[in-house]
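Have the structure open and follow along.

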Amino acid sequence: MTDPVRGAGPARWIGLLGSAALARAYTIAVLGAVFSSFAIEKIAGRVTYVSIIVGLCLLGIGILVSRRREISLVRLVPTTLVLFVAWALISAFWSQSPSTSLWGWVSTAALAFLAVTIGHVRDTLQTARALGDVMRVLLSISLGVEILAGVILDMPFRFLGIQGDIAQLGPIQGIFGTRNLLGFAAVIALITFLIEYRTQSVRVGVSVYSVVLAGGLAALSDSPTVLVLALAVGLAVGALALVRHTSPERRSALQFAFGGLVVVGVIIGYAARHPIIAFLGAGTDFSMRVDLWNTMVDYLRSKPVQGWGWFGPWDPQVFPFNAINYGLRTSHATGLNAYFDVLLQLGWAGLLLFTAFVGTALVRSWLDASERRSVIYAWTPLLLITLLVNSMFESFALFGFGWLLLVLCAVRAGQSRSWRERIDAIGGGPDLPRIQEGRPSNA
């Protein structure tokens, strides 16, 4: 008589862990916590933020276990991601501070796990909707505290890094800590809001408010990278629209032509870098970055293949980061370039793995968006382009919400175009649920 009663409890928990409602709440909680990590740490402390991430990882394990029958093991994580994270773990053995390096790796792996979990419990439209909801709240809070600090109280909120300069039209930081990070987050939000509008996922009034909010904060951030990101995304949107409206027999030739244009554009951009920098008014800032990158390359020569060990954000007490900052009389927390940061910490081997990881994800997502009818499939490649272009000026893609989104996009791209999909098709393995194209999903 008691066995069914005793068995009802675990069954209820398993049903809850596998429910769509919990998956949606979990996605919003992860995105909200990671995107507001700076504010959480400044208000409640780093221990609080770490505790939140640990709790979300444990909950994510339970969710994946409860959904194990609908998830294919071979499609769980992209191979290139596994290789990159594994090389970062191995690098702790030759770093100058193995314990610090190991904790940096744990942070990287934890955020990657959260992204993998989201990628397997929510489809593309559901993920974009969750990110849109989170960014509406966080950007609204950022605008509110900037108005409070710069207009109503007319005093900076130093514990949040808010200078209160909104009355002078910026630069502002919001709850993201720096103007560059706010501008980066606003561009990501703007892409998501426009996708929401095109898919009619939210009401028109909400879409208009969201787009104006993100665009306004991007402008008020006065970040030099915002204009570059906007130009890159705009060109990508135009190219993707042209490819999508081209007949299938001509599409491949057009794709190769665009690939050639990108290469030519990079060469021209490098050759004309000085006039471009002068136009953006970032000459002093760029000069500082060049000095930093040259110094990083100098230290790389000692360990060109394996690098100095993975840390993610720099530890100012560990060599070579302390030596670089001492030599430049600065206090950099990153290499201000994701590619140079990977090169310094993981060497040429790590950079090749990272390039394979992001390159494969971009190609897969771009081809998927080129052939799918619904505009929602453009969200993934546009986010990846934003992350990769921004990585030339900042290292946001290696930690925090930048890394979370990078892994999430790679997981989503790998689910539709991968050798794993062919293995599942041959073996009759479980297939992940797909959305109905062009229809919003709020589940």
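In this predicted model, Arg329 lies over the face of Tyr326, at 4.9 Å from the ring centre.

**An edge-to-face pair**
- Tyr299 and Phe319 have ring centres 5.7 Å apart and planes at 75 degrees; since an angle over 60 degrees counts as edge-to-face, that is the label this pair gets.
- Tyr299 belongs to helix α13 (residues 283–300), while Phe319 sits in the loop between α13 and α14 (321–328), so their pairing ties together parts that are 20 residues apart in sequence.
- Tyr299 is partly exposed, with a relative accessible area of 23%.
- Phe319 is partly exposed too, with a relative accessible area of 32%.

**A stacked pair**
- For Trp314 and Phe321, the ring centres are 5.0 Å apart and the planes are at 20 degrees, so this pair is stacked.
- Here the cut-off for stacking is planes under 30 degrees apart.
- Both Trp314 and Phe321 are buried.

**An aromatic cluster**
- Which residues form one aromatic cluster? They are Phe84, Trp310, Tyr339, Phe354, Phe357 and Trp403.

**Reading the pairs**
- A pair of aromatic rings is described by two values, the distance of the centres and the angle of the planes.

Definitions and conventions
Residues are numbered from 1 along each chain as its sequence is written. This is a predicted model: local features need pLDDT of at least 70, side-chain atom pairs count only at pLDDT 80 or more; totals for chains, interfaces and linings use all residues. Side-chain values use heavy atoms; hydrogens and water are left out. Rings of Phe, Tyr and Trp (its six-membered ring) pair if their centres lie within 6.5 Å; planes under 30 degrees apart count as stacked, over 60 as edge-to-face and the rest as tilted. Helices (H or I, at least four residues) and strands (E, at least two) are DSSP runs, numbered from the N terminus. Buried means under 20% relative accessible area, exposed over 50%, partly exposed in between (1.4 Å probe, protein chains only). A charge sits over a ring if NZ of Lys or CZ of Arg is within 6 Å of the ring centre and within 35 degrees of the ring normal.
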